[in-house]
Amino acid sequence: MYNEFDLDKIDIDIDSEPPTEEPFRQYYFMAKCRDWVRAFEQKNGRCPTAFTQTFGCQMNARDSEKLMGILTEIGFCETEDENADFVLYNTCTVRENANQRVYGRLGYLSTLKKKNPSMLIALCGCMMQEPDVVAKIRKSYRFVDIIFGTHNIFRLAELMWRRLDEGKTAVDIWEDTSLIVEELPSERKYPFKSGVNIMFGCNNFCSYCIVPYVRGRERSRKPEDIVSEIRRLSASGVVEVMLLGQNVNSYGKTLDTPVTFAGLLRQVESVEGIRRIRFMTSHPKDLSDELIGAMAASKKVCRHLHLPVQSGSSRILKAMNRRYTKEQYLELVGRIRAAMPDISLTTDIIVGFPGETEEDFQETLDVVRQVGFDSAFTFIYSKRTGTPAAAMEDQVPEDVVKDRFDRLLKEVQDISARVCARDLHRVKDVLAESVDDHSAGYVTGRLDNNTIVHFPGDASLIGSIVPVYLEESRGFYYMGRMVSDGDRIQD
Ligand code: SAH
Ligand code: SF4
Ligand code: F3S
């Protein structure tokens, strides 16, 4: 197990050869880099600093924790901004504006690097899986030192060493991989909750989406590896896990011994100390009755389902290659609600997919009204090069899309303000997550259905689950006050 590994015991003499097997190869390069860090400390009288910035989804956030884990192990000290010796951007390319943000920040980094020429700049993640992006960076952003993709993030130390040793840009992009490297360090953002990858990649090829191209084919981690990671997390104080995958409902299908997602949930449920289990994302086409049953029977699986609908028009859904119709989606929601009447449902919606008419858009509004989502992430369709939708005719004009987007947002917000208030004047368990930024003396937490609650309290509560009376609903969140356990039982 990683925790039992001592980097200082690794032979990194000048004539030593790196092991070929993973993760031992990476331990070797971590030890090499740690040597470099020690020399840096001797020279500068301080540890080298590192900053990572994550763009994109929870998958990337989890990857960044692993990257930070490697950096910390090597001896870097984490800092809060780009004034650092090592800056890493973990990029996203799901929509064009995600890319633009990275290019914008790179401009800023170039000015910083002029002031501190020994600073190292690394880029990784989904954007780097696009050959055009890498070509542009190598041509126009030559100050970038290390470039790698999504499939080889575990190789950070090796690439850093290569850059330090050879003195030129280290580029390493893999087209795809079947490899899952276990037993590497990770530096968690929160002590009490953690994301846990259960699968990587995506095989769905929704016609608008670039993720399958940049994250590769679907592959699941073995249930025993997942469960042992969660046991370790629990032992270190984690009470909530978020199981992560692009389509968790197809988990386990390709394993040597196939396991369903519902089966995995039951195994995770049995881990002592874990109080809340969440997961993302569920594709409606693969959501089984077995899963609904497992959720309903569980005391730990949260009453929240993120179920992206994308569009309410069956015609557009077909063009999106989503493989369900409006009716099938609504019927699925009916089955979920029948089993768990108190469940909170959230979704993702795209407006302005090629060929979307006003009638199609009205179908989307209709689904939003019929389902009554707790919240919805609404996106303007973004053309991604290489996806089938990018080549479709009838791209919708920008002003039409903007108008639909505004109407959708208003509808979503009105409904969500109504729906979110369902627990008003009740006592509910809240996981206290952080001290309030805005109002002193308050903490922010979440209900099991993911709704945010602010209530009077202090840092000592962070990470514990406490009963809170929900006094006032303010649209998307509640104001509450802590009560004693006795009050909770009377609820
Ligand atoms: N695997 C998840 C979604 C991952 S991407 C799922 O299938 O639900 C997160 C969201 O980004 C998607 O649900 C979709 O709504 C949005 N999205 C993906 N590609 C997009 C594009 N080209 N333009 C606009 N939104 C997009
Ligand atoms: Fe993209 Fe569809 Fe895969 Fe989600 S399921 S990541 S939207 S291709
Ligand atoms: Fe973005 Fe990659 Fe996630 S493209 S949304 S970071 S999988």
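User: Which atom of Tyr208 lies 3.0 Å from a nitrogen atom of ligand 1?

Analyst: A backbone N or O atom of Tyr208 sits at that distance. This is a predicted model, in which local features need pLDDT of at least 70 and side-chain atom pairs count only at pLDDT 80 or more, while totals for chains, interfaces and linings use all residues. Residues are numbered from 1 along each chain as its sequence is written, chains are lettered from A and ligands numbered from 1 in the order in which they are written, and side-chain values use heavy atoms, with hydrogens and water left out.

User: Which side chains have a polar atom by an oxygen atom of ligand 1?

Analyst: Arg95 places a polar side-chain atom 2.9 Å from an oxygen atom of ligand 1, and Arg322 places one 3.4 Å from an oxygen atom of the ligand. The protein covers 90% of the 540 Å² of accessible area that ligand 1 has on its own (Shrake-Rupley method, 1.4 Å probe; for residues, only the protein chains shown count as cover).

User: Which residues come nearest to ligand 1?

Analyst: A residue is near a molecule or strand if one of its heavy atoms lies within 4 Å of it. There are 15 residues around ligand 1, and Gln246, Pro308, Gln310, Asp348 and Ser382 come nearest.

User: What surrounds ligand 3?

Analyst: The residues around ligand 3 are Gly56, Cys57, Asn60, Cys92, Thr93, Val94, Cys126, Arg215 and Gln246. Of these, Cys126 is buried because its relative accessibility is 9% (buried is under 20% relative accessible area, exposed over 50%, partly exposed in between; 1.4 Å probe, protein chains only).

User: Is His306 buried or exposed, and which side chains make polar contacts with it?

Analyst: A polar contact is a pair of N or O atoms within 3.5 Å; within protein, one must be able to donate a hydrogen and the other to accept it, and residues adjacent in sequence count only if both atoms are side-chain atoms. His306 has a relative accessible area of 6%, so His306 is buried. Its side chain makes polar contacts with those of Thr346, at 2.8 Å, and Asp348, at 2.9 Å.

User: How many disulfides are there, and which cysteines are joined?

Analyst: A disulfide is a covalent bond between the sulfur atoms of two cysteines; the criterion used is a pair of cysteine sulfur atoms within 2.5 Å. The structure has 1 disulfide, between Cys47 and Cys77, with an S to S distance of 1.9 Å. The torsion about the S-S bond is about -130°, so this disulfide is left-handed. Cys77 is partly exposed, because its relative accessibility is 31%.
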